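Trainee: I would like a close look at one part of this model. Please take me through it step by step.

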Amino acid sequence: MIQVEHMNKTFKVARRSAGFSNAVKALFHKETDTVHALSDISFHIGDGEMVGYIGPNGAGKSSTIKILSGILTPDSGTCQINGRIPWKDRKEHVKDIGVVFGQRTQLWWDVPVIDSFELLRDIYDIPRHQYLITLEELTQLLALEEIIKTPARQLSLGQRMRCEIAASLLHTPKILFLDEPTIGLDAVSKLAVRDFIRKLNRIHKTTVLLTTHDMQDIDALADRVLLIGKGRLLLDGTLSDLKSRCEPPCATLDEIVASLYREFHI
Amino acid sequence: MNLIRLYVNFFLMHLKSMMQHKVSFFMTLTGQFLISFNIFLGVYFMMTRFHQVKGFSYSEVLLCFSITLMAFTLAETIFRSLDTFETIIGNGEFDRILLRPINSLFLVLCSKIELTRFGRLLQAVVMLVYGVSSSSIVWTPLRCLLVVLMILGGICVFAAIYLIFACLCFFTLEGLEFMNVFTDGAREYGKYPIGIYGKNVLFICTYLVPFALFQYYPLLYLTGKSDNSWYLLLPLCCALFLIPAFLLWNLGLRHYQSTGS
Amino acid sequence: MKKYWSFFRIRFIRGLQYRTAALSGMVTQFVWGAMEILLFKAFYEASPESFPMTFEALSTYVWLQQAFLALYMVWFWESELFNSITTGDVAYELCRPVRLYHMWFVRGLAVRLSKAVLRCMPILIVSSFLPAPYGLTLPGDMTTWGITLLSMTLGLLLIVAFNMIVYMSAFYTVSSQGMKLVITSLAEFLGGAVIPIPFLPGQVRIIVELLPFASAQNVPFRIFGGDLAGPDLYSSLIKQVFWLLAFVLIGSFMEKRALKRIVIQGG
């Protein structure tokens, strides 16, 4: 259960200016601009829901994910996940969540993937018995059998992403955050990833929050969509709500989203 | 106890990764050895020309050099991740670390264990052995213990400096090169007893950055130039330097979590 | 020629942008210079008659070394260049109508000069106001200034030419990382970066002075401080020219051979 109420977050961004005297001045006093990354965001996500979180670049998606995973503290507002405040109770909270960043890796580059997995087992202190069951299941669902003994640097992007997802799920988290999980993948890998996430949700009732620019991900995975732009929550509804917003029967989801961006001037 | 096992596992992973690039690993090892061998040659040629400096003989200088070098090398091996903390923050690895249910500083330390520094460590050991055997010092158990304490104290001081550097990275990533004065500078000039650089330097290295506490004063006792037994305790005081560094780390971490940059 | 000049300008201006780094570096170099002089002072007090040069000349050597660190330190490698060779990206460079050797040579010069320009003046000015014999002593006659400048130029070209040889060697060996470290530390010591060459014992000194690395910072800094004069000065200058030509020839030969191999193998 994720409950977010009236969450705000602003960042101060240093203003850079040219010239030597300015550089010296900047050593002592920095001029800053304030950026509203999130303003008054509220939403609830129930257990076992699959939610797509969409919006253009810089809309505040990754700030939200960071706050929900306890890395970042908001300026104001509340957030409770399974009864905990993520940033206050970070170490307990992160045991319950898995996070996949599509553009970063948590696997060790030069050693076989299975070694990375075993290190994660020790980090999360997963009981050996439970680890073996989870590993067995993930290996089967993600078809890792062939690649698990290969060093990560020798894997293709698709193979690596499958291992990446498995690595985030070894401690059987109740909630999974996926940050652009299909970025750069070929068609076959995309389908495999989507298929896996659906199965995971069906079997374990894992709550999934997914940010993506690929509308087919949303179409395939999300029952519900949150649209965010310029730090504000603009739309919270089902996929069919989203589609019905568009007056003429739009052909693709991409076009609907593009027209929504236009409508909200984001 | 669990953390120790985890550290060992990380250590083995680093070792495995290194062994994937054996040639490069051994070349870097050799290079590390040679770099500090340069400094040794400098000391050697200076000491053969001048025989003594401010009352310290060649073997006493070597003893001092090897203790400083060993403390620095061990500290660098263990705390290298803090020295390169800007990249850990820059490439998002620190965010990943915050997603783990374990102390973040511990995981930062685990993220890099600089095994290539063993080349330099080997040299420090050779010099220490030579310095110990060739000096005229009478080796009582107390004096042996003091050498160990000096090395441990040195590790604490360098660890604290690395930690402070890493904390500064939470606030800014620019212009931190001057911190090299305290790390590379201390390794470079710690080859001689700090007292030879004069009163002002000794004052700074006693009260501001406590290099002299593990190096100069205990050395005076070790070589019999002073029998002030308080000097025996000074290396232990170095550990106190870690306290402000830890406080600063927590402050920096809070800052990072509120700005995320 | 014009394309190399504009290439030089781009790199030079880019180098000037790292001002905070330069400020920070200046602080470091002040401390290092001061520590170095305090160290030699301790030795001087131990036995002044064993000192192979005047203390003024030594202080001058140390401050010049700190001020122009960026020009003569062998370890200023550009990892970008090594990477472009090991990853094969260097092939893109070959598409341009310029010679790789010349382009990288110019680049090395520009990077070093831009770093030095930002850092040298404050160090030179402050150190020349330090009380004798701890500060920078300026020579009286203009010829010394002129010869120093000439010799500094030769020394800088020599170091860049040496860097080029090492870059080119990356075409031939897989792991240049370790070799780089080995060569760097050797060159540093032989160039007088650890202790000035006059402090080496007699026989060692004779050999080291014949080797190429003694023709970099060692010559101009000692000329400026008045430690190198008379016939020794001229033979040192001739050695500088000789080693510079040799390094350039070796480097460009290595480049030609490496590129031929690349073309044949098709990358």
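Trainee: Which residue of chain B forms a salt bridge with C:Glu45, and how far apart are the closest N and O atoms?

Mentor: Remember first that this is a predicted model. The partner of C:Glu45 is B:Lys54. Their closest N and O atoms are 3.4 Å apart. The cut-off for a salt bridge is 4 Å, so this pair counts. Between chain B and chain C the count is one salt bridge.

Now look at what else joins the two chains. Nine residue pairs are in polar contact across the interface of chain B and chain C, both residues at pLDDT 80 or more. On the side of chain B that touches chain C, the elements giving two or more residues are helix H2 (22-50), strand E1 (52-53) and helix H9 (180-189) of chain B. H2(B) gives the largest share of that side, with 17 residues. By type, the residues on this side of chain B divide into 19 nonpolar, nine polar and seven charged.

Next comes the extent of the contact. Chain B puts in 35 residues, and chain C puts in 35 residues. Together the chains bury about 3200 Å² between them. Carbon and sulfur atoms hold 73% of that area. In chain B, the residues that lose the most area to chain C are B:Arg49, B:Phe50 and B:Tyr189. These three together make up 22% of what that side buries.

Now set that salt bridge against the rest. Over all chains, the structure holds 33 salt bridges. One of them is inside chain B, between B:Arg80 and B:Glu114. Here the closest N and O atoms are 3.3 Å apart. B:Arg80 sits in helix H3 (residues 58-83) of chain B, while B:Glu114 sits in the loop between helix H6 (104-110) and helix H7 (118-134) of chain B. The pair therefore ties together parts that are 34 residues apart in sequence. Both B:Arg80 and B:Glu114 are buried. They also belong to a network of salt bridges that links B:Glu76, B:Arg80, B:Asp83, B:Glu114, B:Arg117 and B:Arg120.

A:Arg121 and A:Asp122 meet through their side chains in a salt bridge, at 3.4 Å from N to O. A:Arg121 has 12% relative accessibility, so it counts as buried. A:Asp122 is buried too, with a relative accessible area of 13%. Then take A:Arg84 and A:Asp89, which form a salt bridge with their closest N and O atoms 4.0 Å apart. A:Arg84 is at 22% relative accessibility and so counts as partly exposed. A:Asp89 is partly exposed as well, at 34% relative accessible area.

Last, check the cysteines. A search of the whole structure finds zero disulfides over all chains. B:Cys205 is in no disulfide. Its nearest cysteine sulfur belongs to B:Cys238, 12 Å away. At 11% relative accessibility, B:Cys205 counts as buried. A:Cys79 is also buried, at 2% relative accessibility.

To return to your question: C:Glu45 and B:Lys54 form the salt bridge, and the count between chain B and chain C is one.

How values were computed: Residues numbered from 1 in each chain as written. Chains lettered and ligands numbered in written order. Predicted model: local features only at pLDDT ≥ 70, side-chain atom pairs only at ≥ 80, totals over all residues. Heavy atoms only, no water. Contact = heavy atoms within 4.5 Å. Buried area = accessible area lost by both parts, 1.4 Å probe. Polar contact = N/O pair within 3.5 Å; in protein donor to acceptor, adjacent residues only side chain to side chain. Helix = DSSP H or I, 4+ residues; strand = E, 2+ residues; numbered from the N terminus. Nonpolar A, V, L, I, M, F, W, Y, C, P; charged D, E, K, R; others polar. Disulfide = S-S within 2.5 Å. Buried < 20%, exposed > 50% of the residue type's maximum accessible area, 1.4 Å probe, protein only.
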